[in-house]
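Let's take a walk through a protein fold together.

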Amino acid sequence: LWPADINDLESIQRGLKQINPAKVFHLAAFVNPERSLDLLEQAIEVNIKGTLTLLRALEGSMIDCFINVGTCEEYGQNTAPFDESQRESAVSPYSTSKISATHFCQMVRKLTGLPIITVRPFLTYGPYENSKRLIPSLIRACLNGEPEFHMTAGEQTREFNYVSDVVEGILQASLHKELAGEILNIGNGQERNIVDVARLVVKLTGARTALKTGALAYRIGETSHFYSSTEKYRKLLNPPPAISLEDGLRLTIDWHKKHSMENSKNAIVAKADTSGE
């Protein structure tokens, strides 16, 4: 590990000199999709300026591939399924900054020849996700035996990709230098109602948690249908079959169970260590 500030050109250059990478996967980002102007400064500093700092640090390098990890949020309120030829539609400081980063990457590619590929992963879930998003939040509520879980009506649709499928897609993209300059969706394109996914989580955990649909309002500018067109992805990369939602959720639930048990054991040890006995 080489800890560094994404906007500190010298520290990035020092790290790159020691690493001498063949490929660069750029996932550093400020990720907050809320529709709030209060997030503008952080989004610009990290997602736009940070990306440009990293690209400047790579000037003159002989890397085989630079993967700019964009986001499905760049499509905003377009008509689904989203395909790579659609004009982006900014809906938040986050999506706007990621769109800008994509355009800057394309510009740098044309000016310098740096082999940059932009991938846009669609909604991803799996182990180690501890965010407030639906799947990890609902799994925690179910495993903790909470009687109710408040959510929106859940009529909107999304696609859900198990994390290893997304990782595999990104890795496969990095093996195709001829795709430099391209934008590529990474996803399975399977549209699902949010409420159906929530019900499946409750079923697989065996919990008695009641889903209070409609208890939360939709966020401003909520998109009704949000899923990818996978035609280009499958044509160019021919990915293996995706892990089914049910199997992926089982793996994720198992991880949360194990993680929760480990946390409980650690809490007991910490309590014993500080007891003074």
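Here is a tour of the strands, cores and spaces of this chain.

This is a predicted model, so to speak of local features we need pLDDT of at least 70, side-chain atom pairs count only at pLDDT 80 or more, and totals for chains, interfaces and linings use all residues. Residues are numbered from 1 along each chain as its sequence is written, and side-chain values use heavy atoms, with hydrogens and water left out.

**Strands in parallel**

Start at strand S2, residues 65-69. Helices (H or I, at least four residues) and strands (E, at least two) are DSSP runs, numbered from the N terminus. Two strands pair if DSSP finds at least two bridges between them. S2 pairs with strand S1 (residues 23-26) through four bridges, and the two run parallel. If you want a spot to look at, Lys 23 has Cys 65 as its bridge partner in S2. S2 also pairs in the parallel sense with strand S3 (residues 116-121), again over four bridges. There, Ile 67 stands opposite Ile 117. The chain gets from S2 to S3 by way of helix H3 (residues 93-112), in a right-handed β-α-β crossover. Right-handed means that, with the strands pointing away from the viewer, the path from the first strand over the helix to the second runs clockwise. S1, helix H2 (residues 40-57) and S2 form a right-handed β-α-β unit too. Move on to S3, and you'll find four bridges to strand S8 (residues 183-186), also parallel. Arg 120 sits opposite Asn 185 of S8.

Elsewhere, strand S5 is joined to strand S10 (residues 210-213) by four bridges in the parallel sense. The strand S6 (residues 157-158) has two bridges to S11, and these run parallel.

Here are some bridge partners to find in the viewer.

| Residue | Bridge partner |
|---|---|
| Lys 23 | Cys 65 in S2 |
| Met 151 | Thr 213 in S10 |
| Thr 157 | His 225 in S11 |

S6 also belongs to an open sheet of three strands in the order S9-S6-S11, with mixed pairing. Strand S9 (192-193) and strand S11 (225-226) are at the edges and have a single partner strand each, so one side of each is left without a neighbour in the sheet.

**Which way do the side chains point?**

In a regular strand the side chains alternate between the two faces of the sheet. Buried means under 20% relative accessible area, exposed over 50%, and partly exposed in between (1.4 Å probe, protein chains only).

**Two nonpolar cores**

A nonpolar core is a set of buried Ala, Val, Leu, Ile, Met, Phe, Trp, Tyr and Cys residues joined through side-chain atoms within 4.5 Å. The largest one has 20 residues, and among those touching the most other members are Tyr 125, Leu 138 and Phe 160. Helix H4 (134-143), S5 (148-151), helix H6 (194-205) and helix H8 (245-273) are the elements that give two or more residues to this core. Which of them gives the most? H6 does, with seven residues. Contact means heavy atoms within 4.5 Å. Leaving aside neighbours within four places in sequence, Leu 138 is in contact with Phe 149, Ala 198, Val 201, Val 202 and Leu 211. A second, separate core of 14 residues includes Ile 12, Leu 55, Leu 114 and Ile 116.

**Spaces inside and at the side**On a 1 Å grid over the protein atoms alone, a cavity is a set of points where a 1.4 Å probe fits but cannot get out, and a pocket is an open set with protein on both sides within 12 Å along at least five of seven lines; lining residues have an atom within 4 Å of a point. Grid points are joined across faces, edges and corners, and a volume is the space filled by probe spheres set on the points. The second largest pocket holds about 370 Å³ of space. Its lining has 18 residues, with Trp 2, Ala 4, Ile 12, Leu 16 and Ile 19 nearest the centre. Helix H1 gives the most to that lining, seven residues. The largest cavity holds about 40 Å³, and its lining includes Tyr 125, Phe 160 and Leu 245.
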